[in-house]
Structure formats: C-alpha cells, structure tokens
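Please keep the sequence and the model at hand while reading.

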Amino acid sequence: MAGNVRTEEDVRRLLHLAKLDEEDLKPVVQSFYLAQDFTREDLKLMEVTPDILNQILEGERVIIRGDKSDPAVLCTDTQTYDIKEAGTSNSLLLLPSVVWPDEAETNDKDDGITIASQEVAGIFHNYLELHLCRPRVQKLRYLMEENLYTGKEYEADNVDVKYTFEDLLNVIQASPKELQTALRELQACCIDGFWRMLDFDYQFSVFNHIVNLVDSNSWPSDGIPLQAVLDTLEDLIPRKILEECFHWYTEPVGRTTPEGYDLYRWNEDKICAFLGEVILRPTGKFNLEEFLYTWQSTVPEGITTNLNQLKVGNLALSSTD
C-alpha cells in the first residue's frame, strides 16, 4: 500500500502535465491503485435497469434461471430478461469504495490537497446486459401432462412426479407472475399443494356436472349462482377443482342472489371451443356439415356456435367430404 500512496507533490506534477489548474480539483483527489489480483475471473459485471436496481436495493428477489442447456435469463417478480454478453473498448473499473463529488467535504485548507487512495479490485472489458423477453414456458405443458389429474379415487396409488409452484420456478424460465399466468392459460389447478392439469375426459365430466345442475334447476344462462354449484356438487368433485372449472367457462355478471352470492353467465366462446374439441378429439376429422350440426346440439341452450370460436381453443378446421 505504501508504494501506492500519492503525495501532494505527485498530484501537482500531474496537474502541470495535464495543463490543469489546482482550482479545478474536486474537494477530494482520489488516487487509484491496482489490487494484487485484478483479473477477477470469479466476477461478472451486469448492467441493470433502474427498476431492477431498486428491487435489489429493497431486498426483493432477482434470480438467474436456466438449465445447463438453456440460455440464462434473469427473472424479477414480474418480468423475464435475456442475458447477453457485451464488450466495450473502455476499461470498466471495479472499486470497493469511492468518494462521490456530492459526498466529499469541502477542504478549507488553502495550502493542502486531500488525497484518498482507492483500490481497483478488477478491470473488465466485457459485461452482461439485459433485454426484456417473453417468459420461456414451452415445457410447462409437458411437465403438467406427465401426471394428469383423473379423480381423487385414483390418487392413492399415484406415485408419478408432481410439482409445487417452487418446483416449477426452478425449471421454468419465467417470473412468478408470468408462471401464474401460464398456469392459468393451461387451465392447471393447485391440488393438495401441487399444480396439475386435468385429464381431458375428467374435465369434460366436471363440466357436464355443472351444465346438468344448471339445467335441472332451470337457472338462467346469465344467472348461475356459484355458491349453489359448489355446495351441491362438492361431494362428487373436489371443491377447488369444481370452482376452477366453473371459472374457466363462466364470467361474472355483476349481480348477486338475495343471499348476496355472486351470479355468473356462460362464457360462450370458451364453452363452444371446449365442446368443439370434445367432438373433434376422438377422430381428428369430421364432415363439416355434420360437425356443425353435432357441435350446435351439444352446447347449452341459448348458445350459438360459430367457427371463429374454435380459435379460442387453438383448433384448426378444414372441410372433408
């Protein structure tokens, strides 16, 4: 350290060589010296946005995710960023501490220069930069389809792999908020602490129970009481699954029963898309006229089908003879 300390004479000599006046100096002159090992292969610099920096300073979780075969991403609580390496011709210095101009105390001595020695812990010419990207949730469906839920009567002997939300965060490159959105889009349910997709036939059975209950009670299609559905069918279907399935195919109407329970109406597009898939799934193809007739006959009373609704379920349809 002693050999790295600059004196006032050194500073004045450098000022003269640089053709600067002593009055141009900040209150504190900082003298940088290199650490014994400044190559620092164990560290990477990353440029972050002000929002991400604030989250880090506030103690919020920021995580780099990815398997060995995945390009790494950085995830905040709500967003996902690609991590790319960038280079610069400038030298980026890493210092454990530094005195910023607004932090320096004014030197009242007319005949002295305050010098602070600062160690340079590393020199870098590459750094990591972030680019906002879509969450990489493509393999989420595959993970969910490994162990579809087929009913509580089959769960006792089910030893297949199941995933908690934290398990999924460890293997899916997405923020918690984006993962929640992806699970909703897959119509996955949290059952006994594990996220599961329903077996298609089981999901159809749950849907049919709800439709049959509505028909048997002659409830209007825009006045379906959720609470009554749950109370009536929970002995047949786990209440959590029943409630999730109900919300997949209905939407609130902004009214309540006299007892104060919320009323819902059928979501026609989602119901028609689902029942269209029910018809097409076993065969994969169908005569168009026969399909349209069969499709219309399967939907609840008062709902009209149209081919655009199949896009809701990502189905493609072409006419066959």
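**A buried phenylalanine**

Phe207 has a relative accessibility of 2% and therefore counts as buried, a term that stands for under 20% relative accessible area, with over 50% called exposed and the range in between partly exposed (1.4 Å probe, protein chains only). The model is predicted, so that local features need pLDDT of at least 70 and side-chain atom pairs count only at pLDDT 80 or more, whereas totals for chains, interfaces and linings use all residues. Residues are numbered from 1 along each chain as its sequence is written, and side-chain values use heavy atoms, with hydrogens and water left out.

**Aromatic pairs**

Rings of Phe, Tyr and Trp (the six-membered ring of Trp) pair if their centres lie within 6.5 Å, and planes under 30 degrees apart count as stacked, over 60 as edge-to-face and the rest as tilted. Across the whole structure, 11 aromatic pairs are found. Helices (H or I, at least four residues) and strands (E, at least two) are DSSP runs, numbered from the N terminus. Both Phe207 and Tyr249 are buried.

The ring centres of Phe207 and Trp266 are 6.5 Å apart and their planes are at 50 degrees, so this pair is tilted; Trp266 belongs to strand 12, 59 residues from Phe207. Trp266 is itself buried, with a relative accessible area of 7%. Ring pairs join Phe207, Tyr249 and Trp266 in a cluster with Phe200, Phe204, Trp248 and Phe274.

**Helix 6 and its cover**

Helix 6 (residues 200-216) has 17 residues and should span 24 Å at 1.5 Å a residue, which agrees with the 24 Å between its end C-alpha atoms; the expected span is 1.5 Å times one less than the number of residues. Among its buried residues are Phe200, Tyr202, Ile210 and Val214, and what covers the buried residues of the helix includes helix 7 (226-233), helix 8 (239-248) and helix 9 (268-280).

**The nonpolar core**

A nonpolar core is a set of buried Ala, Val, Leu, Ile, Met, Phe, Trp, Tyr and Cys residues joined through side-chain atoms within 4.5 Å. The largest has 38 residues, and those with the most contacts inside it are Leu198, Ile210, Trp266 and Leu275. Helix 6 gives the most to this core, with eight residues.

Conventions:
Contact = heavy atoms within 4.5 Å.
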